[in-house]
Amino acid sequence: MESMLQQQKNSSVRMYLLGALVAAELLMSFSFLGYFHVEPLSITIAYIPVLLAGALLGPLESAILGTVFGLASMWKASASYIMAFDQLFSPVMSGYPLKSFLLSVGSRALFGLAVGLLYCAARKTKFPALWVGVISFFGASIHSALVYSAMWVFFPETGYTPLNTLRSLGTINGIVADLAAALIVLVVWYLFHSRPWQQFLMRVESVQHFQMRERYHMVSLICIIFLALFSAVAVAIYFVNRMERVLAQEGIVFTGDEHADLLHLQIQFLIGILSMMALVIIFLIFNRRYTTYMDWEARTDALTGALNRKTFFQVCGKALNAMPQDASGYFLMVDIDYFKEINDRYGHPEGDRALKEAVLELEMVFGRDHFLGRLGGDEFALMLLTPIGREELERNLRRFQERLHRITWGTYEMSCSIGVQPVVYGSTVDDLYRDADNLLYLAKARGKDQYVIGPEQ
């Protein structure tokens, strides 16, 4: 479990999860999803994405979510219709910009860091789920204690101290909110560590290793972000202007503060919509990666990861059709020597190991500029379109065979026979396959564990 988390720390999936939590935090902060008021209960759960970031990702991510939570609260407090007490959280309205910023944003960032560190400690215990639930239950109390402490330090005239946290512990609102937070975090935590979700993450992350990354260019992303922000501001200004005109026809005229408040609310609405759009985009990215992986899996050999026969011939055919006149390369047929004896003497698992090792060594020696397929049994084909000379090719072939000799079963060393047909402009994949296969059998006839290279055409 811990090792899976460590692996995810270096994955792009982690970035998407963090983005989804940021979008969820903004959506909850600017909608009723984070604040329920059903008599006699009034429950605030907008801080839950901060807890989720700490439980699923780490202290840095939960501190980022805490900062976003604080910035959203600061924005909501920066309106004239807000009560005087709540305006202390706004650097614009309080008259003490630094103190209000530390109160609103600093205390929430510290809250995120604190719960993130607590969740880190919980993951190292014998019963992590139990402690995750306990920390989540007291998450609201930790948040309240830090906010009240900041108020006590920066605005002592309000009369609030850290002891005010104790007042909500025994209330119905507090208990219901704490139980709801603990339940939500635990459910998501269990789903996050479930086998289906682990398999899903593995598949969407594996797309990176197949070099099938989404074709999103950084410049395009930046342009889209600026376009979305510009459009949001333009729409907000337009609707405020239209509202003022409609109300003016009814004899209602806004003052400067009322106009600012209306624009303030409209921006909150648009941030919520943009957050919802971000969640949809992240979902679509995950869905695209998953379908890409499934498509790739259908085109590869399950045991070795090489292309299957049909896909190999398809991609080689396309590459040859697009081949420039001055390009060149080589088509290799590789067959493991005495493969049947390996299976019979050492068992099929060892035979599987031989196949996987052969593919791995081919990848190591010839790099990534090639197409590699398993044509069936112990027979592999590799088409190399890198313009290398015959001497370099022979060095690579000898190095490949030497690396295979290091793979042993008792006193037996692994070896293979190789037929190599040069690729020139106008070659067809069927002709290359036939000629390389003939050269392969010539290598076998000469005693195996060697290669035969055909003449340049």
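Modeller: A salt bridge is a side-chain nitrogen of Lys or Arg within 4 Å of a carboxyl oxygen of Asp or Glu. This is a predicted model in which local features need pLDDT of at least 70 and side-chain atom pairs count only at pLDDT 80 or more, while totals for chains, interfaces and linings use all residues. Residues are numbered from 1 along each chain as its sequence is written, and side-chain values use heavy atoms, without hydrogens and water.

Biologist: Which residue forms a salt bridge with Glu-61?

Modeller: A search of the whole structure finds 12 salt bridges. Glu-61 lies in helix 4 (residues 59-76) and its partner in helix 2 (residues 12-29), so the pair ties together parts 47 residues apart in sequence; helices are DSSP runs (H or I, at least four residues), numbered from the N terminus. The closest N and O atoms are 3.0 Å apart, and the partner of Glu-61 is Arg-14.

Biologist: Are Glu-61 and Arg-14 buried or exposed?

Modeller: Buried means under 20% relative accessible area, exposed over 50%, and partly exposed in between (1.4 Å probe, protein chains only). By this rule, both Glu-61 and Arg-14 are buried.

Biologist: What is the relative accessible area of Asp-344?

Modeller: Asp-344 meets Lys-340 in a salt bridge of 2.8 Å, N to O. Both lie in helix 14 (residues 339-346), 4 residues apart, about one turn of the helix. Lys-340 is exposed at 58%; Asp-344 is also exposed, because its relative accessible area is 54%.

Biologist: What is the relative accessibility of Arg-434?

Modeller: The side chains of Arg-434 and Asp-435 meet in a salt bridge of 3.6 Å, N to O. Asp-435 counts as partly exposed at 21%. Arg-434 also counts as partly exposed, because its relative accessibility is 44%.

How values were computed
Helix = DSSP H or I, 4+ residues; strand = E, 2+ residues; numbered from the N terminus.
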